[in-house]
2 protein chains.
Amino acid sequence: MAAPAPEAASSPEEIPDLEENAGHAERAQWVLNAPEPPSPLRELIDSVRDTVLPCGNKFLSLKNQPASDHVVSFLQGFFPILVWCRSYTATKFKNDLLAGLTIASLCIPQSIGYATLAKLDPQYGLYTSVVPPLIYAAMGTSREIAIGPVAVVSLLLPSMIQQFQDPVADPVSYTKLVLTATFFAGIFQAAFGILRLGFLVDFLSHAAIVGFVAGAAIVIGLQQLKGLLGINHFTSKTDIISVLESVWKSIHHHWDPHNFILGFAFLSFILTARFLGKKKQRLFWLPAIAPLLSVILSTLIVFLTKADKHGIKIVKHIKGGFNPSSVHQLQLTGPFVGEVAKVGLIVALVALTEAIAVGRSFASIKGYHLDGNKEMVAMGFMNIIGSFTSCYVATGSFSRTAVNFSAGCETLVSNIVMAITVIISLQLFTRLLYFTPIAILASIILSALPGLIDLNEAYNIWKIDKFDFLTCIAAFFGVLFVSVEIGLLVAVGISFAKILLISIRPGTETLGRIPGTDMFCDINQYPMAAKTPGAVIIRVKSALLCFANANIIVERIMTWVTEEAEDTKGNAKRTIQLVVLDTSSLMDIDTSGIASLQELHKNLTAHGMEFAIASPRWQVIHKLRLANFVSKIGGNVFLTVGEAVDASIGGKRATIQA
Amino acid sequence: MAAPAPEAASSPEEIPDLEENAGHAERAQWVLNAPEPPSPLRELIDSVRDTVLPCGNKFLSLKNQPASDHVVSFLQGFFPILVWCRSYTATKFKNDLLAGLTIASLCIPQSIGYATLAKLDPQYGLYTSVVPPLIYAAMGTSREIAIGPVAVVSLLLPSMIQQFQDPVADPVSYTKLVLTATFFAGIFQAAFGILRLGFLVDFLSHAAIVGFVAGAAIVIGLQQLKGLLGINHFTSKTDIISVLESVWKSIHHHWDPHNFILGFAFLSFILTARFLGKKKQRLFWLPAIAPLLSVILSTLIVFLTKADKHGIKIVKHIKGGFNPSSVHQLQLTGPFVGEVAKVGLIVALVALTEAIAVGRSFASIKGYHLDGNKEMVAMGFMNIIGSFTSCYVATGSFSRTAVNFSAGCETLVSNIVMAITVIISLQLFTRLLYFTPIAILASIILSALPGLIDLNEAYNIWKIDKFDFLTCIAAFFGVLFVSVEIGLLVAVGISFAKILLISIRPGTETLGRIPGTDMFCDINQYPMAAKTPGAVIIRVKSALLCFANANIIVERIMTWVTEEAEDTKGNAKRTIQLVVLDTSSLMDIDTSGIASLQELHKNLTAHGMEFAIASPRWQVIHKLRLANFVSKIGGNVFLTVGEAVDASIGGKRATIQA
């Protein structure tokens, strides 16, 4: 190829010296003669290797060590407790003991409440606060996370499982299915971790989580109206309209205001305690202890006044004792196994998303890094073993982790302390909970919900990214008005639609030279950028020039260039000699994209304009070369826009503001 | 912000003079103080306006003209024939007449064959070659396209409609539904054109079309086995396995070899004619006339030998006369209207894709531009009016357009000539076609199929883009082994999955300085690029830093940077002071992406490294500013990587090969 001979360099301050021009030509050759990029197969293998073995060399470096070291390091990889327990001290234990007791006092009433939300007997919540925290303490890498049942999962499980198994009509079969779903969730979580598919958790975007959790919080709150108002007949649906309809009907028929008065009084007490705890750092234990205190007080009141005879609904029998085995209850055959596995998958992802979000935010405060894949393996094993010991899906709880952190926990020993406390309670105190009013459990759950609705963050999202906000709102309304799964689905759908839209939107931007440099930038972003006379420099505003946008982009460029040229007939404003396409933003091009570029080139040539391509990336120049497009445009490919302009318009270019 | 004070400039050849440094600082301010990008709402409005009114100013410029001019230009816009008929000459007519007669001779047998493929009575094919070409001649902008029934659409219609209406059991209802689908297809096409949704056609990528058409060609060929072998009982499915099974069974039971011998003989004749036509340019009319010749000859043979009494299947009665009205046959109410509308939509898109692909390729040869939206309106009206006059979906035919072009057509008058010829045939000759053997129609269709299987193009796609080839193959096998719609669906799905994958794959590349410039490029693409001592310069290899890839990208950068830093403890190879993230390829960032960047910054700071961002695009810098991220990283944002490196490492940088 040869750029048209530059006309005599007339503008004195910009004469490109010959040596620099030689450099241009050489550099253009560098662009054209780049080594072949890795083949798609090679890229696939590399990508899999990067995902599976992010620290490949570490494994290799072990090769020369004795087998016992292998075993030790393998065990230490699986059970981080073997590493950190060596440096465990009495001081740390004092802190962990305090934190553990604090979260235990919060955990016992919450666990009972969440089990009710999950439509299970109350003891299942307590069981779930025993085995999973112990397993996680041995295998987990977070130091603050508090493991146990959580609100969102306790809502999600019944709302999906009751579609094929009614929890009221046949509670035994329902419980079996919940345990089976827990088993599947554990299997999926462990598998994701072992296969290093940690990125799957990222498919729920931050905005979607904010909206989803807020919607779920309101839905959970609405479910608590049953306990708070002492309603007998309640809808099994979770959307706001069905629930309010159900509440409205019940209020007109039969409900007992005593439940409401008792619940509301203690809710006010818990919220006041939280307010005080926030005000004075010293009183941090007050909000943590308030729920347990409420349970004790209200139980006493009911016991002493015999209020249960006057319409106050109580928990009644809670089965005590250590977690019974539930291996024989898992339903790995039967009609619903596929459905339950699906439930397990969704719950596994939601639980992981919550746990990893919680773990990461506290790890980042303390300045250490959380390995997502290792966390997944730990969560997976804790749920698998949990499903063998009458636990339902456990994960890291937002509220209890925060309490654990502010109570000054040092290691996962606080989880062990909590689990032991719950075991003791299960052995000794379950009989005492017989008279606990259900309205109190409802108010304990209600009191935990405001923390899940993050209006501040929603406002931030609105401020920064309107599209993200749309995702957030869609998830929120989806959960609120339709169902939990639809909310999730809509949020994921919108998130990916946004990616598609941004990747293929057919935008272009005009570039101008930044004064004092050889850079060409968007003239809208940099109003000081100067257009080059005689040349139009265009950059595609998407990452791909492909079937979905190539035609429309090329059509717009043509319309625009010809309009500019036609305008000049009257005004003689500018005669376009050169169109430079800056392909620096294009990650890839496909056969449709190349065909469109060929059409563009043909059309421009027909209008007497020259066409050049600047700064193509590896994949792009490789494909253009394979398609013989480079030779078709006379090798007009350059390293930078500046070089393309220099080569074509030569000394004639008039830069403004040197 | 202040970059850390550059250490004493020690390397003499690279002392940045003060003025240049001032320039850097000023330019960094340009990055930070860019005007606000258009709001999402503004962008949406602009995008809609660009789509709806691509030449907005043209409309405005009419304002000062009298109303009659408005009407004239409006009519001319709708009926381009009003423009080009003024300069029509006798010479042009001579060429068009010849071309029109040539395509008519090809069109008559093809139309009858395609109508049979569409499971309609033969006359519907002829009707479809009358009204649509006339309408298109008045409204279309292509000059070469030959309008009429085509193979792929004739296959698609029955394969979808027979799912709810059996064409054999109740041919009358089936025909009504086909006409209704044609009406809907026309409505959709016209609506796409009027709403300027031309880009919808692009959603079938080039590779998908190549695979789809090739698969459809084989499926159509298999359907012809029924006619060629004279089989009575044939499967209504279109996949290769069902068809071959059906053929296998029939051959074992009852079939008449006479049909096959006759069909095969004439197929050989047509193919030989085509071969001769390709060899000698003079004989271009031979392949065009061969099908009609075959029909006449074979009809005569059957008539004279009374072969129809000996097992040769014949067309029998074809209803003659001009297109009857079919307005009363449209089923706009009733049980299937939703289904039929769906069929109409799919057929509308496939027909448009074919027509616009054909039109564009010939327009590009002759060097004029085809307005996709105008084409859609023309196609829409021709199918709407077609559905009122007993026509099924018509579009531009690959094979006849090529014949029209090589016969030297000048304008759409050739289509008018063709339509008139077909009208005359309908009036006079349909009775003569009574004895035409069905095997001949099958061989005419078969002879047109090889042109649809473009192995060359498939090889090209394989060479250029392996992923595109996967789309192509998936469409091919989907059509061949499952069904026509599944093939389409799979192809579209894979195409969009590819876009997603490329947009969010979590790749990064290391940049180095290109010798003799201030450019930083991928060191794999440009092996001569030199790494900057003390700095790691990383560019994200995807268009978005978003929820789906931000975490994994940031984790990889951290692992990699810390590994590099740890390595140096032993080797003292390089101490990293600065990590520059080149964001030039990022089209957008979302809240998750910003959160990940914040984590990266925190981690890097903890390791004693500085973090800088170079060349952010408009949306990206705007969002980073809104999220207060810019102030968090101390304003370390630069116009170029070079300036980021200069500002931080200052005079210390050691460029290789100045």
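Biologist: How many Å separate the centres of domain 1 and domain 2 of chain A?

Modeller: In this predicted model, the centres of domain 1 of chain A and domain 2 of chain A, taken over C-alpha atoms, are separated by 57 Å. The assignment gives domain 1 as 12–33 + 505–652 and domain 2 as 94–499, with bounds that come from an automatic or database domain assignment.

Biologist: What should I know about the numbering and the cut-offs?

Modeller: Residues are numbered from 1 along each chain as its sequence is written, while chains are lettered from A and ligands numbered from 1 in the order in which they are written. As this is a predicted model, local features need pLDDT of at least 70 and side-chain atom pairs count only at pLDDT 80 or more, whereas totals for chains, interfaces and linings use all residues.

Biologist: What is the mean pLDDT of chain A?

Modeller: The mean is 83, and 90% of the residues of chain A reach 70 or more, where pLDDT is the predictor's confidence in each residue, from 0 to 100. For the complex, the predictor gives an ipTM of 0.77 and a pTM of 0.76.

Biologist: Where in chain A does pLDDT stay under 50?

Modeller: It stays under 50 over residues 1–22 of chain A and also over residues 651–658 of chain A. Where pLDDT is low, the predicted coordinates should not be read in detail.

Biologist: Switching to the two chains, how many residues of chain A are in contact with chain B?

Modeller: 66 residues of chain A are in contact with 66 residues of chain B, two residues being in contact if their C-beta atoms, placed from the backbone, lie within 7 Å. The elements that give two or more residues to the chain A side include helix 11 (206–229), helix 22 (484–504) and helix 23 (550–571) of chain A; helices (H or I, at least four residues) and strands (E, at least two) are DSSP runs, numbered from the N terminus.

Biologist: And what kinds of residues are on that side of chain A?

Modeller: They divide into 36 nonpolar, 17 polar and 13 charged, with Ala, Val, Leu, Ile, Met, Phe, Trp, Tyr, Cys and Pro counted as nonpolar, Asp, Glu, Lys and Arg as charged, and the others, Gly among them, as polar.

Biologist: Which strands make up the open sheet in chain B?

Modeller: The open sheet has 6 strands in the order 4-3-5-7-9-10 (chain B), with mixed pairing, where two strands pair if DSSP finds at least two bridges between them. Its edge strands are strand 4 (520–522) and strand 10 (637–638) of chain B, each of which pairs on one side only.

Biologist: How does strand 5 of chain B pair with strands 3 and 7?

Modeller: Strand 3 (residues 508–513) of chain B pairs with strand 5 in the antiparallel sense over 3 bridges, and B:Thr508 has B:Val540 of strand 5 as its bridge partner. Strand 7 (residues 578–582) of chain B runs parallel to strand 5 and is joined to it by 5 bridges, with B:Ala535 standing opposite B:Leu578.

Biologist: What does B:Val580 touch?

Modeller: Leaving aside neighbours within four places in sequence, B:Val580 is in contact with residues including B:Ala535, B:Ile537, B:Ala612 and B:Val641.

Biologist: Which residues other than glycine have a positive phi?

Modeller: Among them are A:Lys119, with phi near 60 degrees, and B:Ser615, with phi of about 40 degrees. Most residues other than glycine have a negative phi. A:Lys119 lies in the loop between helix 6 (90–117) and helix 7 (122–128) of chain A, and B:Ser615 in the loop between strand 9 (610–614) and helix 25 (618–626) of chain B.

Biologist: Why does B:Ser615 count as buried?

Modeller: B:Ser615 counts as buried because 27 C-beta neighbours lie inside 10 Å.

How values were computed: A residue is buried if 20 or more other C-beta atoms lie within 10 Å of its own, exposed if 12 or fewer, and partly exposed in between; C-beta atoms are placed from the backbone.
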